[in-house]
Amino acid sequence: VRRLGERLNHIFRWVDSAQPYDTIWDLCCDHGRLGLHLHKRHLNAHVYLVDKVAAIIDQVVEDFGYLDDGRLSFITADARELEALEVVPQKRTLVIIAGVGGNSLITMLEGVLTRLGGEVALDFMLSPNCQTFELREFLRGRPFCLIDEAFVTEKKFSHEHFWVRYDSRRSSIGEGA
């Protein structure tokens, strides 16, 4: 698996710094490198690589399907309509969405949150490539708590990274993200 660029490596380091996750969803996984590195490093987590483009997932399976040891799943699906994503209250869940515009990211978050229902808590690591103001406004209006944020520069482009926790039992952020 090719090494990670600075943007994805930053997310990888964030995951490493956290209490272990039981389930990691890499939505819009593209080439799958981030999820594959997480699968290799976090031996107690089940990693899901998800992209809506079938050819992308087919290529990832062709190249890396041999790594599937029962803790790795490849899914072709639109993140907005991902019915497989379930949150088990006793397990820590992380959802990563990186490399898409803020408005697309908002649409995906709305789809994921709508499907969750009930009282749930899970973490998100978000790396929009534009429209961060709109994303911040979206997060403020919902029950998200900011864990960390950072600016990451890669190839002369700066990216804002957000690590947030969604907890349906909380009120919205109101400030901070």
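Tutor: Contact means heavy atoms within 4.5 Å. The model is predicted, so local features need pLDDT of at least 70 and side-chain atom pairs count only at pLDDT 80 or more, while totals for chains, interfaces and linings use all residues. Residues are numbered from 1 along each chain as its sequence is written, and side-chain values use heavy atoms, with hydrogens and water left out.

Student: Which residues does D123 touch, not counting those up to four places away in sequence?

Tutor: D123 is found in strand β5 (residues 121-128); strands (E, at least two residues) and helices (H or I, at least four) are DSSP runs, numbered from the N terminus. With residues up to four places away in sequence left out, the residues that D123 touches are Y21, R92, T93, L94, V95, I147, W163, V164 and R165.

Student: Is D123 buried or exposed, and what is the length of the polar contact that joins its side chain to that of R165?

Tutor: Buried means under 20% relative accessible area, exposed over 50%, and partly exposed in between (1.4 Å probe, protein chains only). D123 has a relative accessible area of 2%, so D123 is buried. A polar contact is a pair of N or O atoms within 3.5 Å; within protein, one must be able to donate a hydrogen and the other to accept it, and residues adjacent in sequence count only if both atoms are side-chain atoms. The contact between the side chains of D123 and R165 is 2.6 Å.

Student: Why is strand β2 largely enclosed by the rest of the structure?

Tutor: In a regular strand the side chains alternate between the two faces of the sheet. In β2, both faces are covered, with H46, Y48 and V50 buried on one side and V47, L49 and D51 on the other. Strand β2 (residues 46-51) is largely enclosed because the number of its residues that are buried is 6 of the 6.

Student: Which residue of β3 stands opposite L49?

Tutor: Two strands pair if DSSP finds at least two bridges between them. Strand β1 (residues 23-27) runs parallel to β2 and is joined to it by 5 bridges, with D26 opposite L49. Another 5 bridges join β2 to strand β3 (residues 72-76), also parallel. In β3, the residue opposite L49 is F74.

Student: Which helix does the chain cross through from β2 to β3?

Tutor: A crossover is right-handed if, with the strands pointing away from the viewer, the path from the first strand over the helix to the second runs clockwise. β1, helix α2 (residues 33-41) and β2 make a right-handed β-α-β unit. The crossover from β2 to β3 is right-handed too, and its helix (residues 54-64) is α3.
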